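Biologist: I am new to this one. Can you take me through it, step by step?

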Amino acid sequence: MEIQHIVSGFSPKLSSAPSIPIGKQLFSLKFPSLFSSSSSYPSIQSQNFEEVPSISIGKKDEFYSSRRRRVRCSSSSSNTAADRNKGNEVAGRRRRRRKKLAVFVSGGGSNFKSIHEASKRGSLHGDIVVLVTNKSECGGAEYARSHSIPVIVFPKPKAESDGLSPHDLVATLRRFEVDFILLAGYLKLIPAELIRAYERSIFNIHPSLLPAFGGKGCYGMKVHKAVIASGARFSGPTIHFVDEHYDTGRILAQRVVPVLANDTAEELAARVLREEHQLYVEVAEALCEDRIVWRKDGVPLIQSKENPNKTY
């Protein structure tokens with residue numbers, strides 16, 4: 001099976017934090033310091049053996065000193081190829097640049113919080129550098145501000161005359177050097193300008209097994225009520241690439257949960273949400289480790305972290 005790695009566009013680096021027009025005021029945003037491959041990790045050098053220091057008094061001592069060095073060298077060279085490959089893989093992960101993520105929310109942002117927590121504990125090799133929302137006072141925006149994550153309002157509220165255009169939004173995300181965009185309960189259609197600028201780099205999570213129960217108007221509790229009313233025996237979250245329509249992009253990952261005979265929409269929603277939190281973190285980790293690959297027929301797959309030859 002022939003596969004090729006996902007490639008995303010990048011923008012020139014900045015030397016200072018960007019200023020972003022929001023409403024009629026200009027705010028200078030400071031971002032949290034990010035790791036860089038040049039300064040955060042010590043260089044790793046291979047070493048075959050460590051010489052044992054000795055003081056030579058005579059030829060006998062020189063003989064034993066030389067012999068000790070040879071023994072230590074022989075012991076080091078007995079490492080298996082698997083051990084060396086594992087060491088190279090670890091070193092590669094340490095040198096890999098941390099990805100920069102933008103998250104879009106419209107509500108409480110529970111998936112946003114799960115991804116941010118994974119970044120803080122170190123399982124996610126990336127950082128959320130900006131939050132985009134259409135509701136400036138939503139729970140996700142409040143959480144972002146409390147953790148020093150810049151917040152951008154898009155699209156502009158109807159009551160405001162000034163705001164970011166789609167072109168301005170793309171330029172702003174470029175200034176933040178965003179690699180991937182993660183939609184986490186964002187209820188607005190993504191503008192075509194953004195999709196073209198971040199081709200194959202925008203992802204959404206939906207609370208049903210797409211392509212069932214998706215499309216315009218299918219979100220939140222409406223989805224779970226529709227699933228129960230249909231008599232479906234299974235549901236679960238879907239993570240997919242974002243295109244110019246609602247919930248029609250290529251499916252990347254899914255997780256199945258049962259629909260019980262006496263489920264309410266609230267009970268089913270809670271069961272699906274628990275799986276959402278875990279699945280979105282796993283996918284974000286794969287993104288940040290460059291483990292998304294493409295099958296010849298255009299189907300995206302995820303490489304196993306433990307075995308790169310295995311995909312799912």
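Modeller: Gladly. Keep in mind that this is a predicted model. Start with helix H3, residues 110-121, and helix H4, residues 139-146. Their axes come within 10 Å.

Biologist: At what angle do the axes of H3 and H4 cross, and what does that make the two helices?

Modeller: The axes of H3 and H4 cross at roughly 20°. Angles under 35 degrees count as roughly parallel. So H3 and H4 are roughly parallel.

Biologist: Which residues make the contact?

Modeller: H4 gives Gly140, Tyr143 and Ala144. From H3 come Phe112, Lys113, His116, Glu117 and Lys120.

Biologist: How are the rings of Phe112 and Tyr143 arranged?

Modeller: The structure holds five aromatic pairs. In the pair of Phe112 and Tyr143, the ring centres are 5.4 Å apart. The planes stand at 85°, and over 60 degrees counts as edge-to-face. So this pair is edge-to-face.

Biologist: How many residues apart in sequence are the parts that this pair ties together?

Modeller: Phe112 lies in helix H3. Tyr143 lies in helix H4. The pair therefore ties together parts that are 31 residues apart.

Biologist: Are Phe112 and Tyr143 buried or exposed?

Modeller: Buried means under 20% relative accessibility. Phe112 is at 0%, and Tyr143 is at 13%. So Phe112 counts as buried, and Tyr143 also counts as buried.

Definitions and conventions: Residues numbered from 1 in each chain as written. Predicted model: local features only at pLDDT ≥ 70, side-chain atom pairs only at ≥ 80, totals over all residues. Heavy atoms only, no water. Axes fitted to C-alpha atoms, helices over the stretch in contact; angles between N-to-C directions. Helix = DSSP H or I, 4+ residues; strand = E, 2+ residues; numbered from the N terminus. Parallel < 35°, antiparallel > 145°, perpendicular 65-115°, else oblique. Contact = heavy atoms within 4.5 Å. Phe/Tyr/Trp six-rings, centres within 6.5 Å; stacked < 30°, edge-to-face > 60°. Buried < 20%, exposed > 50% of the residue type's maximum accessible area, 1.4 Å probe, protein only.
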